[in-house]
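Open the model in your viewer and keep the selection panel at hand. The tour goes from one selection to the next and says what is found at each stop.

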Amino acid sequence: MEFENNRRAIYLQIADKIMDDIMAGLHPVEERIPSVREYAAMVEVNANTVMRAYDYLTREEIIFNRRGIGFFVKPGAQNVIAAMRKRMFFETEMPKLFTRLHAIGITPDELSSLFKQFLDSQK
C-alpha cells in the first residue's frame, strides 16, 4: 500500500483503504477481514498501527470483533461509511469548492447544469 505523504496519520489511511474495500464489496457484510497481523504484513507496517485502524473502525461501528475469531464487517457498514464520507465532504471539501466557484463567478444555475450533465454522462 502506498501511503500519502501528508499530515493524515497512517492508521487513518489504512482505515480509509479498508472502508474503500468495504464500499467496493471486497469485504462483504459479516465476512471476516484480514487479521491485524495479516493486514500489517500486507501493507508493511507495524501491527500496532493496524490495530489502531481496527480500533477506529470498531468505534465508528464499521467492523466488530468476535473474540478469538477475528474482525468482521458490521451490517450497515456501507451506510455508515457513506454518511461519514458525506459529512466529511461537506465539512472539508465543500467550503473550498464554494470559495473557488464564487471567486471565478460560477453561478448556482451553472453549477447545477454542469452537475446534471455529469450525471447524464455517467449513465
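Which residue in the turn of the hairpin formed by β1 and β2 has a positive phi? Select G68: its phi is about 80°. The model is a predicted one, so take each stop below as a description of that prediction.

**Stop 1: the hairpin**

Select residues 63-66, strand β1, together with residues 70-73, strand β2. The two strands run antiparallel and are joined by 4 bridges. Between the strands of this hairpin there are 3 residues.

**Stop 2: α1 against α3**

Next select residues 10-23 for helix α1 and residues 47-59 for helix α3. Their axes are 8 Å apart, and the packing angle is about 60°. Because of that angle, α1 is oblique to α3. The crossing of α1 past α3 is right-handed. Show side chains on I10, Y11, L12, I14, A15, I18 and M19 for the α1 side of the contact. On the α3 side, show T49, V50, R52, A53, Y54, Y56 and L57. Coloured by class, the residues of this contact come out as 12 nonpolar, 1 polar and 1 charged.

**Stop 3: α1 against α4**

The crossing of α1 and α4 is left-handed. From α1, select D16, M19, D20, I22 and M23; these meet A77, Q78, I81, A82, M84 and R85 in α4. The classes in the contact of α1 with α4 are 7 nonpolar, 1 polar and 3 charged residues.

**Stop 4: A77**

Is A77 buried or exposed? Its relative accessibility is 1%, under the 20% cut-off, so A77 counts as buried. Leaving aside residues up to four places away in sequence, A77 touches I22 and I62. For a distance check, draw a line from the C-alpha of A77 to that of D16: the two are 13 Å apart in space and 61 residues apart in sequence.

**Stop 5: H27**

Move to the loop between α1 and α2 (36-43) and select H27. With a relative accessibility of 12%, H27 counts as buried. Which residues does H27 touch, not counting those up to four places away in sequence? Select I18, D21, I22, I33, P34 and V73 to show them.

**Stop 6**

Most residues other than glycine have a negative phi.

Start with E30, in the loop between α1 and α2. E30 is not a glycine, yet its phi is positive at about 65°. At 41% relative accessibility, E30 counts as partly exposed.

Then go to E44, in the loop between α2 and α3. What is the phi of E44? The value is positive, about 60°, although E44 is not a glycine. E44 has a relative accessibility of 71% and so counts as exposed.

Technical notes
Residues numbered from 1 in each chain as written. Predicted model: local features only at pLDDT ≥ 70, side-chain atom pairs only at ≥ 80, totals over all residues. Heavy atoms only, no water. Axes fitted to C-alpha atoms, helices over the stretch in contact; angles between N-to-C directions. Parallel < 35°, antiparallel > 145°, perpendicular 65-115°, else oblique. Left-handed = near helix turned anticlockwise from the far one by under 90°. Contact = heavy atoms within 4.5 Å. Nonpolar A, V, L, I, M, F, W, Y, C, P; charged D, E, K, R; others polar. Pairing = 2+ DSSP bridges. Buried < 20%, exposed > 50% of the residue type's maximum accessible area, 1.4 Å probe, protein only.
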